[in-house]
Amino acid sequence: MCTFLGKRTLQTIPLLFVISAVVFLLIHAAPGGPLAIYLSNPNVRPEDIERLRRALGLDRPLWQQYWSWLAAFTRGDWGYSFSDGRLVASRILERVPASLELVGTSILVALALTLPVGIVAGVQRGRWFDRITTSAAVAGISLPAFWFGLLLQIVFASALGWLPSSGRTSPGMALSGAGTMGGVTDHVRHLLLPVTVLGVVQAAAWSRYLRASMIETLAQPFVLAAHARGLPMRDVVMRHALRHAIGSVLAIVMVDAALLVSGAVMTESVFAWPGLGSLFTEALARRDYSVLMALLMLTSTAIVVFNVAADALHAIVDPRIAR
Amino acid sequence: MRLPALVLASLVGAAFAAPAIVRYPPDHLDLDARRQPPSAAHWFGTDDLGRDVVARVLYGARVSLGVGLLSAAVAGISGTGIGGVAGYAGGALDAVLMRGTDAMLAVPRLPLLMIAASILQPTVGVLVVLIGLAGWMETARVLRAEFMTLRTRGFVESARAAGAGHARLVMVHLLPNAAHALIVSVTLAVARGILLESALSFFGVGVRPPQASWGNMLYQAQSSLTTEPWLAVAPGLFILITTWSVNLVGDGLSRSRSSQP
């Protein structure tokens, strides 16, 4: 078990090197390079740009720049934002709570949908419940998340007026409503629509995996043996089959959880949710490369780390994996 | 699988025959009929410049379907190349190529494409290549796995023993037997390509106005959601119907193989 995890961890090191090189080259291959934002500004003189280029070390060979960037990045020194001069790290950190709140709630909602749908559809394979949910799941993975968000805004915010269309709190509520019942309600009302989008789209993908995994498990001899011992259907499914079927699905859930933080780019932008996804679109609009590079590196690293964690989880649920 | 295939065929047909079907050109401005809700004259209404939404959706279908199909072709070809070499050669080359594939899979696709598209300001052709190059990893993995198992099968070994060269082994023995898995994976890449194009255009870095694509029509609709909600309905519905049909066809294709002996 430990050697398995040690090996998987060591394998991620070259992977992270390749990823960092991809991210670095992408930014530096851009016309105008990282200073593109100043090139288009008529108030910045060419000699200023040249001075800036030297000050930032952009006149050095590419591999030296890459090395010093990587060294600084691993030390936690992510530089300053090009658009407002603040520390990249603090700009990112201040968005983390909103992102975690949105993604965490969405994962819970998605799991609450996935578990019953995936289990029942797998057990009742081919019956009406399975057919309806399977088609719905294909529709769900085909659904453009941003359009789903726009539709919810049209219906629930603009036509019916039941829910706020965007933001995390109502204006004024952030101060006066903090900690009060009204503040909490306001917060939940803002969460409802974006969480519906992310929750439904994720549940569509996950329930397909769980259904397939359930069907595969139910065909195994040990399930037949449980039936033969006279266990009620409920116990066979929930105690024996589910324990076996859930391992691979949980691994996928973990990896997707890391992806969700960046995959929420569309949903956060539609609902003006002040998380990391919105920070990304804002930084992109301003060509704020230091923020973009840090965000891309962080999410990629998170995905790699979550991949290893998912393997670990999978190995705990099913120890054969580690061998 | 038949119904979604039929839906797809009629969508492609309608996109081709767009000039014969629509009553207004997609860039026809009618300033007396701006912001009209759906009516007999304009089935899906008109936008802020009085352009007919039906016409724009059908002309947009040419762009969206074209980008989806061609980007899947780019993804399929590059994925076949990389996965094929890795699976056939094995050893160190395989290890290097697969670590690269893992690395690409770990970088979130949409943000990466958004950065690349905002830097390059691509034409539709360049957009096809970008989306295709961001989507080769799945195909590469599928093809590598197929080649790895096929390589050890008896008929391939006997062909090698009979003196077949690398090119003949790959083209005659390996590729045709991996074709089914390849087709399924490219089908899924079509749906992904259409969704990615619409997302990029929705963020204003994909297909640029005045050329219509389903994604940039939604981008435009977002600014007048409360006053002209109908502008957001038709383009999104077409994206959903198309990707849903493509995914159903892909599911049907992969099932048709597992039912084979």
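## Helices and the model

Helices are DSSP runs of H or I with at least four residues, numbered from the N terminus. Ala272(A) sits in the loop between two of them, helix H13 (265-270) and helix H14 (276-285) of chain A. This is a predicted model.

## Chain A

Chain A holds 15 helices and zero strands. Its C-alpha trace spans about 85 × 55 × 35 Å along the principal axes. The chain has 323 residues, and 44% of them count as buried.

Chain A carries 26 positive and 18 negative side chains. The centres of these two sets lie 9 Å apart.

## Chain B

Chain B has eleven helices and zero strands. From the N terminus on, its elements run α-α-α-α-α-α-α-α-α-α-α. The C-alpha trace spans about 75 × 40 × 25 Å along its principal axes. Of its 261 residues, 52% are buried.

For contacts in chain B between residues at least 6 apart in sequence, 70% join residues at least 24 apart. The accessible surface comes to about 11,400 Å². Carbon and sulfur atoms account for 67% of that surface. Chain B has 19 positive and 14 negative charges, and their mean positions are 10 Å apart.

## Where the chains meet

The contact draws 37 residues from chain A and 36 residues from chain B. About 3,300 Å² is buried between the two chains. Carbon and sulfur atoms give 81% of this area.

Side chains of opposite charge can pair when their charged atoms come close. Between chain B and chain A the count is one salt bridge. Arg208(A) and Asp251(B) meet in a salt bridge through their side chains, at 3.0 Å from N to O.

## Salt bridges within the chains

Over all chains, the whole structure has ten salt bridges. One of them pairs Arg211(A) with Asp130(A), at 2.6 Å from N to O. Arg211(A) lies in helix H10 (residues 181-218) and Asp130(A) in helix H7 (residues 128-142) of chain A, so the pair ties together parts that are 81 residues apart in sequence. Is each partner buried or exposed? Asp130(A) has a relative accessible area of 3%, under the 20% cut-off, so Asp130(A) is buried. Arg211(A), at 22% relative accessibility, counts as partly exposed.

In chain B, the side chains of Asp102(B) and Arg141(B) form a salt bridge, at 2.7 Å from N to O. This pair links distant parts of the chain. Asp102(B) is in helix H4 (residues 91-106), Arg141(B) is in helix H7 (residues 136-151), and the two are 39 residues apart. Arg141(B) is partly exposed, with a relative accessible area of 42%.

Helix H7 of chain B also supplies Glu138(B), which pairs with Arg192(B) in helix H9, so parts 54 residues apart in sequence are tied together. Elsewhere in chain B, salt bridges that share partners join Arg99(B), Asp102(B) and Arg141(B) into one network.

## Backbone exceptions

Most residues other than glycine have a negative phi, and most peptide bonds are trans. Which residue of chain A has a positive phi although it is not a glycine? Ala272(A) does, with phi of about 50 degrees. Ala272(A) is partly exposed, at 45% relative accessible area.

Gln121(B) also has a positive phi, near 45 degrees. Gln121(B) is in the loop between helix H5 (109-120) and helix H6 (124-133) of chain B. With a relative accessible area of 46%, Gln121(B) is partly exposed.

The peptide bond from Pro209(B) to Pro210(B) is cis, and its omega is near 10 degrees. Pro210(B) lies in a loop too, between helix H9 (166-202) and helix H10 (214-222) of chain B.

Notes. Residues numbered from 1 in each chain as written. Chains lettered and ligands numbered in written order. Predicted model: local features only at pLDDT ≥ 70, side-chain atom pairs only at ≥ 80, totals over all residues. Heavy atoms only, no water. Buried < 20%, exposed > 50% of the residue type's maximum accessible area, 1.4 Å probe, protein only. Lys, Arg positive; Asp, Glu negative; His and termini not counted. Charge placed at Lys NZ, Arg CZ, Asp CG, Glu CD. Contact = heavy atoms within 4.5 Å. Buried area = accessible area lost by both parts, 1.4 Å probe. Salt bridge = Lys/Arg side-chain N within 4 Å of Asp/Glu carboxyl O. Areas by Shrake-Rupley, 256 points an atom, 1.4 Å probe, with all protein chains shown as cover.
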